[in-house]
Amino acid sequence: MTGLQNSNGLETADRYYAQYGSRAKELKNEGRKVIGYMSALTPVEILTAAGVVPLRLKGFMDEAITKGDAYMETIVCPFVRSVFDAAIKGRFSFMDGMVLPHQCDSMDRTSDVWSYNLGLPYWHFLNVPHVTDDPSIEFMKEILRVFIRTLERFTNAKITDEAIGQAIDDHNENRRLMRELYDLRKSNPPLISGVEMMKVLVAAMSLPVSESSALIKNVTEEVKKRKAPADGDRKRIMIIGDQIDSAAIAEAIESAGAWLVVDDLSIGGKIYWPEVDKTADPLQGIAERYLRKLKIATTFVGEGNTYEENLEARFGHLRERITGFKVDGAILFIYKYCDPYGFEVPAMKSYIESAGIPVLYLEDEYSTSTLARVKTRIEAFLEMIA
Amino acid sequence: MAEEKKRRAVATQTAAGIPKFVRGNLAATLKAKEEGKKVAKAFIHDGQDEIMRAMDIVPAWGESFSGICAAKRDAEKYLQKAESDNFSRSLCTYATCHIGFEMIREELGGVMPEGAPWGGMGRPDMILGNGQLLCDPRFKWPQALQHYLRDVPVFVTNMYYPPWDPNIDHHEQEGFYVRYCTEELHETVRFCERVTGKKMDWDRLAAVVELSDRTWDLFVDTYDLRKAIPTPMDTGDAMNTMVPITFNIGTQEAYDFYVELNNELKQKIAQGIGVANPEKYRIIWAAGLPSWFALNDFQYFNSKGAVFPVEVTYRDHEKIEKLDLPKTDDPLEHIAWRWVRYWTHWYDAARKIPGSTPKVARIIEYIGDYKCDGVVFHSAFSCRSWHAGIIHQAEVLRKVYGDIPILIMEGDIVDISSYNEADTHNRIDAFIETLDAYKNKKRN
Ligand code: SF4
Ligand code: SF4
């Protein structure tokens, strides 16, 4: 544990946001093993149970891709390219290994590029299925067992069911704490800004679960003591997308005169709502959370009797957020070359609009260099819904 | 695969019969209604072909439809239609072209849009997708399409194979992968039974699967004839002759087609007739779907004495005996084994070449078997599935195989906007010069 208890939560979040991975690096220097992982689909409980330091990998929007393009095609999603570029430049050189889950083509089809060029002591491609029926749950459990075996071999230590059970508890607790912090955004105006929240979300995913929980608690206590700012007239915006992990986008929204009050992002709302159920075989609960409860575009949901039922199953949680956080408008922020999210834009847009909420769809690169254009579109959107 | 504005000359007579196949497949979807058959929007290379054939379900191939639109250089209106409802231009253009077409038809109340290529494609009664490793559009395209065809049920199966990892024994994993694929195929059957209201005839399925196996073998034997020097057929033709095995597997017509092709190739070999005269350079088409609107580029290569005796694209088959499939009475389990082993048997090859990957091991095997002097990849921007990772393949190939000229061409499958014929020809010219220097160096 760090001396976090005595520190200012938001300040700490800010520091970990600005120096991403610095805590993992410290822990590495203390003799721990650090495993980087991509996306919301990596069952972080298992990494925690293995006793390693899990570090969710992020990209760096304000850094141009200078090395990665020599290895990876530009038709790959720009977020993945940014992370890879950072990795190949040595930004995560303290990592002992990495897990790449089968999220999308941009990850799956570049698996060899990562493993070969990074040459890490530990590497695992986790073959998560896209379909969520019963055989898929059984299959997911099989691939989790393979994953566990590779980790055990790497760490030279058994990963017991008890350890997994404890990790499940710790991560569920972490999720509850983060949801409590989200609750502080329900007031008008919210007690914590979207920019601050983004930094907390990013900082939290760079820490071992106990430290992440301590940080969230600190932030929550600090924010609760705040007096609500006076400006309650701003529009309340929700952002939807995959890995948006830069405060720059929240900044673009809030500097245009709105509050970013909630998100459905894979580093935020998407991962903090669903918990893992406690099941006799802990892998059952994990398989169900990652396949059935996570609402990400790369799992296929379509078993309903009607199209409308399918839409509810896919996007019903968005309606809950819209109501719960009193959202006035939604921004779909989708990266170029992202087939999973790109193909859902018309359906998702019309679903949200049918709830009476206007939607701005933005397709963009993963780069701050294009944000001026994005900001202009956001301003126009805010004017339109004013 | 289809006819273009200006038809490319085909080196084999048999390939000239392909447009008939493609038209036939489209026509079947239109005729299905009169015959009381159901139409399924389906994907190639998804393991569901034999189920459809055995149940008299008529496949409507979206990829083929979009390929035809591209070859006719008539895809833009459909792409724009999809774009008008916020489908990005960076998404798979096979998908957006087809979705755009269906959007227009729905707006017309189900009437076939005017000018639809070759009479268009029938409206599906069901949509079959696949969440396999191969590509995201295989499950997102069905879902996106249902947004416009709300009454049409969608079923997405999952056909996974073990990922390549030199540190994990893939044979240990094959069992549970096959079990999963088999269960998923059974789910597909149950879904098709619900939609068609008919039960699967398992004997018929077994016969269809057996016919497929024979077609696989015949296809591989036939393509192996291209090892001859000069090669009697190159990739320009293979982008046509892949149609029966890709779209009509499990049918007698497909089998008969390869009998005919086999005979013709043998005849050409006996007479010493090659694609290029004289044949100066042999190149492998190492990855990538072609630009359907620019198949003439193959002829441009040929005009320089360069031929492609072999390609990786659409050659998704291997001799059944090489795959060493365990015996089973369940035809679906057989399909599953065939599928999984098709991928993993290259893993064994890769392990024998330290530092290699299965894709590269395959290229190396083909370079040797087909006596190639150079390697061409095509990187199509709208499909990550086959085209992300090409730089890496080229890099690994250089490292483990050594010095061989490599060209990576960039373009698209459907979207013509990024194509420039003059530039492409210039790049080909430069590559031919490299090939020439390489051959001279090898000779000395
Ligand atoms: S943004 Fe899309 S393409 Fe990129 S990692 Fe996420 S799901 Fe994959
Ligand atoms: S393989 Fe490529 S072209 Fe074919 S459907 Fe998938 S993304 Fe599209």
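A salt bridge is here a side-chain nitrogen of Lys or Arg within 4 Å of a carboxyl oxygen of Asp or Glu, and helices are DSSP runs of at least four residues, numbered from the N terminus. The structure described with these terms is a predicted model.

Arg176(A) is partly exposed at 37% relative accessibility, and Glu173(A) is partly exposed at 31%.

A pair in helix H7 (residues 134-155) of chain A has a spacing of three residues, about one turn of the helix, between Glu142(A) and Arg145(A). The closest N and O atoms of this salt bridge are 3.6 Å apart, and Arg145(A), with a relative accessibility of 32%, counts as partly exposed.

In helix H16 (residues 345-354) of chain A, Lys349(A) and Glu353(A) stand four residues apart, again about one turn of the helix. Their salt bridge has its closest N and O atoms 3.0 Å from each other. Lys349(A) has 18% relative accessibility, and because the limit for a buried residue is under 20%, Lys349(A) counts as buried, whereas Glu353(A), at 35%, is partly exposed.

| Pair | N to O distance |
|---|---|
| Glu142(A) and Arg145(A) | 3.6 Å |
| Lys349(A) and Glu353(A) | 3.0 Å |
| Glu142(A) and Arg179(B) | 2.9 Å |

Chain A also holds a network of salt bridges, which links Glu63(A), Asp85(A), Lys89(A) and Arg91(A).

## The interface of chain B and chain A

Glu142(A), which forms a salt bridge with Arg145(A) inside chain A, also meets the side chain of Arg179(B) in a salt bridge, at 2.9 Å from N to O. The count between chain B and chain A is four salt bridges, and the rule for polar contacts finds 26 residue pairs across this interface, with both residues at pLDDT 80 or more.

On the side of chain B that touches chain A, at least two residues each come from helix H5 (93-107), helix H6 (137-146), strand S4 (154-157), helix H7 (170-196), strand S7 (374-380), helix H15 (384-387) and helix H16 (390-400) of chain B. H7(B) gives the most to this side, with eight residues. By residue class, the side of chain B that touches chain A divides into 30 nonpolar, 20 polar and 12 charged residues.

Taken over the whole interface, 62 residues of chain B are in contact with 60 residues of chain A. The area buried between the two chains is about 4900 Å², and carbon and sulfur atoms give 57% of that area.

## Chain B as a whole

Chain B contains 17 helices and eight strands. Its radius of gyration is 21 Å, close to the 22 Å that the globule rule gives for 444 residues, so chain B is as compact as a globular protein of that length. Along the principal axes, the C-alpha trace of chain B spans about 70 × 50 × 40 Å. Buried residues make up 66% of the 444 residues in chain B, and among contacts between residues at least 6 apart in sequence, 78% join residues at least 24 apart.

Thr188(B) lies in helix H7 of chain B, and its relative accessibility of 0% is under the 20% limit, so Thr188(B) counts as buried. Leaving aside residues up to four places away in sequence, Thr188(B) touches Gln48(B), Ile51(B), Leu128(B), Phe155(B) and Thr157(B).

In chain A, Leu382(A) lies in helix H17 (residues 371-385) and is buried, with a relative accessible area of 10%. Apart from residues up to four places away in sequence, Leu382(A) touches Lys235(A), Ile237(A), Ile253(A), Ala256(A), Gly257(A) and Ala258(A). The C-alpha atom of Leu382(A) is separated by 21 Å from that of Met197(A), 185 residues away along the chain.

Terms used
Residues are numbered from 1 along each chain as its sequence is written. Chains are lettered from A and ligands numbered from 1 in the order in which they are written. Side-chain values use heavy atoms; hydrogens and water are left out. Contact means heavy atoms within 4.5 Å. Buried area is the accessible area (1.4 Å probe) that two parts lose on being put together, summed over both. A polar contact is a pair of N or O atoms within 3.5 Å; within protein, one must be able to donate a hydrogen and the other to accept it, and residues adjacent in sequence count only if both atoms are side-chain atoms. Ala, Val, Leu, Ile, Met, Phe, Trp, Tyr, Cys and Pro count as nonpolar, Asp, Glu, Lys and Arg as charged, and the others, Gly among them, as polar. Buried means under 20% relative accessible area, exposed over 50%, partly exposed in between (1.4 Å probe, protein chains only). The radius of gyration is taken over C-alpha atoms; the globule rule is 2.2 Å times the number of residues to the power 0.38.
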